[in-house]
Amino acid sequence: MNRVEIIELVQQHHPHMGEVEILKLINRALDDFTMETGILREYVDIQNTVAGQRYYTVDKCISIINVWIDDVLIPRMASINAAMFIDDDEHVNADNTLATPSKTSNERYWYPIQDDGEIKIGLIERSTESVKRDDKVSNYQSISETGLQIRVYMMRRAVHLATGSGSGTTFTPEINSVFHQALVSKAIGEGYKDPRNQKFDAVQFFVGEYEDYIKQAKKVAKRNAITTGVVVPHTF
């Protein structure tokens, strides 16, 4: 189902709505759907490391699942408090940055932060020389090598549909086509809240239909998730 078809379906219920207004409703539904279900998952190379840079932006990210540095899967740091980090604050207007580390360690970790409405990952490695500041000592430093590939596996938001688009992700929703009707149902339901065509029983019906799609999509996302198996003991 493409942008034109979606608009026509919504206008069957809300003929007073134009393309721009409908696409705003559809794009909000698209954000909500991907956030609620986690159905869009992607491996993406975000950039290469820069020696001394701690934080890297991950565009359109909802949640980070795994991170690789130089094609090596690295673990998430379980507790940044327990690690006693001394922060490198270049993710904001840096005023007290750490010196660029020059000695390399291959024991690397990642952790997420939210900064200015975006998700970023902090990349660190165990330091070969302790980092010190204000009588505090940390055994971790920012990555000390430039040019290492950073790859993430993440749940992400979909690209918004755009007015006048004729192909690609701005013309057709990125989610599986079986769930395109969910966006239409959500937009129709929201449209019935509008005083110009207000019908609360219709709101309840179409929002309920949308929520049914959410449940189905969560099941699909869960089945597609990679899980670790376990050995179950049996008595013979």
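A polar contact is a pair of N or O atoms within 3.5 Å, where, within protein, one atom must be able to donate a hydrogen and the other to accept it, and where residues adjacent in sequence count only if both atoms are side-chain atoms. Keep that meaning in mind during this tour of a predicted model, since across the interface of domain 1 and domain 2 the rule finds four residue pairs in polar contact, both residues being at pLDDT 80 or more.

**The two domains**

Begin by colouring residues 3–39 together with 157–223, which the domain assignment gives as domain 1, and then residues 41–156, which it gives as domain 2. Where they touch, domain 1 contributes nine residues to the contact and domain 2 contributes six residues.

The size of an interface is often given as the accessible area lost when the parts come together. Here the area buried between domain 1 and domain 2 is about 690 Å², and carbon and sulfur atoms give 46% of that area. Now select Met35, Gly38 and Arg157, which supply 64% of the area that domain 1 buries against domain 2, more than any other three residues.

Between domain 1 and domain 2 the count is one salt bridge, and the residues on the side of domain 1 that touches domain 2 divide into five nonpolar, two polar and two charged.

**Salt bridges elsewhere**

Side chains of opposite charge can pair when their charged atoms come close. A search of the whole structure finds 15 salt bridges, and one of them joins Glu19 to Arg3, with the closest N and O atoms 2.6 Å apart. Glu19 belongs to helix α2 and Arg3 to helix α1 (residues 3–13), so that this pair links distant parts of the chain, 16 residues apart. Show the surface here: is Arg3 buried or exposed? Arg3 is buried because its relative accessible area is 9%, which is under 20%, whereas Glu19, with a relative accessible area of 30%, is partly exposed.

Arg108 lies in strand β5 and Glu125 in strand β6, so the pair ties together parts that are 17 residues apart in sequence. Arg108 counts as buried at 8% relative accessibility, and Glu125 counts as buried at 0%.

**Inside helix α2**

Select Asn27, which lies in helix α2 (residues 19–37) and is buried, with a relative accessible area of 9%. Leaving aside residues up to four places away in sequence, Asn27 touches His160 and Leu161.

Most residues other than glycine have a negative phi. Select Lys60, in the loop between β2 (55–57) and β3 (61–69), where phi is positive, about 60°, although Lys60 is not a glycine. Then select Asp70, in the loop between β3 and β4 (72–74), where phi is near 55°, again a positive value in a residue other than glycine. Lys60 is partly exposed, with a relative accessible area of 34%, and Asp70 counts as partly exposed at 43% relative accessibility.

Methods
Residues are numbered from 1 along each chain as its sequence is written. This is a predicted model: local features need pLDDT of at least 70, side-chain atom pairs count only at pLDDT 80 or more; totals for chains, interfaces and linings use all residues. Side-chain values use heavy atoms; hydrogens and water are left out. Helices (H or I, at least four residues) and strands (E, at least two) are DSSP runs, numbered from the N terminus. Buried means under 20% relative accessible area, exposed over 50%, partly exposed in between (1.4 Å probe, protein chains only). Domain bounds come from an automatic or database domain assignment. Contact means heavy atoms within 4.5 Å. Buried area is the accessible area (1.4 Å probe) that two parts lose on being put together, summed over both. A salt bridge is a side-chain nitrogen of Lys or Arg within 4 Å of a carboxyl oxygen of Asp or Glu. Ala, Val, Leu, Ile, Met, Phe, Trp, Tyr, Cys and Pro count as nonpolar, Asp, Glu, Lys and Arg as charged, and the others, Gly among them, as polar.
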